[in-house]
Amino acid sequence: MIHFFFENIDEQPLDEQLKNWLEKIILSEGKKLGDINYIFCDDEYLLKVNQDYLQHDYYTDIITFDYVKGKTISGDIFVSIERIEDNATTLSKDFDSEFHRVLAHGILHLCGYKDKSSEEEQIMREKEDFYIRLR
């Protein structure tokens, strides 16, 4: 099941279609839905998570903690709404597109996709684009 939580930001209305779309990504990748928690937050909250758990001292738009077992996809996905807003402006994208890209990105990490090398990053971007077109 997919759950949405809010930390240090106002709760936003998110509809069931969003959950259905995220589940469609998982099923399309040949996986099963376990428990996925999206925690939407501000920059400072995610920076603290990044420092405390990953020993990184920088802002990021998303951090994914993987609890996958076999083909069952579970995890905690922390998302900075502030970072998405800034990235959308910097990239000349609308917020909605960037928001969906980041949500798909977290799911794709749980499905086993990486983005450390340029080749992995290219595959990740192609997958994100593909799934964004399906929403």
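User: Leaving aside its neighbours within four places in sequence, with which residues is Tyr38 in contact?

Analyst: Please bear in mind that the model is a predicted one. Beyond its neighbours within four places in sequence, Tyr38 is in contact with Ile2, His3, Phe4, Phe5, Leu22, Ile77, Val79, Leu103 and Ile107.

User: Which residues have the most contacts inside the largest nonpolar core?

Analyst: Leu22 and Tyr38 have the most contacts inside that core, which comprises 29 residues. Two or more residues come from each of strand 1 (2-7), helix 1 (16-28), strand 2 (32-41), strand 4 (72-80), helix 3 (81-90), helix 4 (95-110) and helix 5 (118-133). Helix 4 contributes the most, with 7 residues. Another core, of 7 residues, lies apart from this one; among its members are Ile39, Cys41, Leu46 and Phe78.

User: How should I read strand 1: which residues form its covered face, and which its uncovered one?

Analyst: The covered face of strand 1 consists of Ile2, Phe4 and Phe6, whereas His3, Phe5 and Glu7 form the uncovered face.

User: In which sense do strand 1 and strand 2 pair, parallel or antiparallel?

Analyst: The two strands pair in the parallel sense, over 6 bridges. Within this arrangement, Glu7 stands opposite Cys41 in strand 2. Together with helix 1, strand 1 and strand 2 make a β-α-β unit that is left-handed.

User: What is the phi of Gln55, and where does Gln55 lie?

Analyst: Gln55 has a positive phi of about 55°, although Gln55 is not a glycine either. Its place is the loop between helix 2 (43-54) and strand 3 (62-66). With a relative accessible area of 62%, Gln55 is exposed.

User: Why does Lys24 count as partly exposed?

Analyst: Lys24 belongs to helix 1. Its relative accessibility is 40%, so Lys24 counts as partly exposed; that class lies between the cut-offs of 20% and 50%.

Methods. Residues numbered from 1 in each chain as written. Predicted model: local features only at pLDDT ≥ 70, side-chain atom pairs only at ≥ 80, totals over all residues. Heavy atoms only, no water. Core = buried A, V, L, I, M, F, W, Y, C linked by side-chain atoms within 4.5 Å. Buried < 20%, exposed > 50% of the residue type's maximum accessible area, 1.4 Å probe, protein only. Helix = DSSP H or I, 4+ residues; strand = E, 2+ residues; numbered from the N terminus. Contact = heavy atoms within 4.5 Å. Pairing = 2+ DSSP bridges. Right-handed = clockwise from strand over helix to strand, strands pointing away.
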